Amino acid sequence: MPNWGGGAKCGACEKTVYHAEEIQCNGRSFHKSCFLCMACRKALDSTTVAAHESEIYCKTCYGRKYGPKGVGFGQGAGCLSTDTGDHLGLNLQQGSPKPARPSTPTNASKFAKKMVDVDKCPRCGKSVYAAEKIMGGGKPWHKTCFRCAICGKSLESTNVTDKDGELYCKVCYAKNFGPKGIGFGGLTQVIMKE
């Protein structure tokens, strides 16, 4: 049948889509009201759509249907998804049976050790996380602890020196640990006695 009215056919309802109400995705046209996730029917836009062949999904349903499956592939950090995928036409229970739970109790402190295994600041002894870490003398330091041990001056990579696990500015290091004697800045004048 010829397309007399103009416009393409909607990828969802197969009715004519006129330019004023058209949304294009993956080479197909949709009515604004038909641009919905095929699984959960949530309204989509250019930032939330995920296309698979001729189907459109929200990113969550797309991940559930076509993403990786199994333990460790939850819907966020530390999440164990209990979604069975029934509304997506998936049967996640098929395939290999679940492994039996171990008969020996798991040591809960193993998880705690992994969470606590963070670098410690040599100055204050507290945990140093990546956002606040500065390396100096081969050790991680807090930005606020990255100071001269003698004068308290804030340090940078250009003026830091270390000795015995402690940080010093170059001036304090030279005064306290540098060479002593005539010509080394310790004495500015030599008084000659006759």
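Here are a few questions and answers about this predicted model.

Residues are numbered from 1 along each chain as its sequence is written, and side-chain values use heavy atoms, with hydrogens and water left out. Since the model is predicted, local features need pLDDT of at least 70 and side-chain atom pairs count only at pLDDT 80 or more, while totals for chains, interfaces and linings use all residues.

User: In what order do the elements of the protein run from the N terminus on?
Analyst: Helices (H or I, at least four residues) and strands (E, at least two) are DSSP runs, numbered from the N terminus. The protein has three helices and 10 strands. Their order is β-β-β-β-β-β-α-α-β-β-β-β-α.

User: Which residue in strand 4 stands opposite Glu 22?
Analyst: Strands count as paired if DSSP finds at least two bridges between them. Strand 3 (residues 22-25) and strand 4 (residues 28-31) run antiparallel, joined by four bridges. They form a hairpin with two residues between them, and Asn 26 in the turn has a positive phi of about 55 degrees. Opposite Glu 22 you'll find His 31.

User: And in strand 6, what is the bridge partner of His 52?
Analyst: Here strand 5 (residues 49-52) pairs with strand 6 (residues 55-58) over four bridges, in the antiparallel sense. This is a hairpin with two residues between the strands, with Glu 53 in the turn at a positive phi of about 55 degrees. The partner of His 52 is Glu 55.

User: Is Ala 20 buried or exposed?
Analyst: Ala 20 sits in the loop between strand 2 (16-17) and strand 3. Buried means under 20% relative accessible area, exposed over 50%, and partly exposed in between (1.4 Å probe, protein chains only). Ala 20 has 71% relative accessibility, so the call is exposed.

User: How far apart in space are Ala 20 and Lys 32?
Analyst: In sequence, Ala 20 and Lys 32 are 12 residues apart. C-alpha to C-alpha, the distance is 9.5 Å.

User: Which side chain makes a polar contact with the side chain of Thr 16?
Analyst: Thr 16 lies in strand 2 and counts as buried because its relative accessibility is 17%. A polar contact is a pair of N or O atoms within 3.5 Å; within protein, one must be able to donate a hydrogen and the other to accept it, and residues adjacent in sequence count only if both atoms are side-chain atoms. At 3.3 Å, the partner is Lys 9.

User: What percentage of the residues of the protein count as buried?
Analyst: The protein has 194 residues. Of these, the share counted as buried is 21%.
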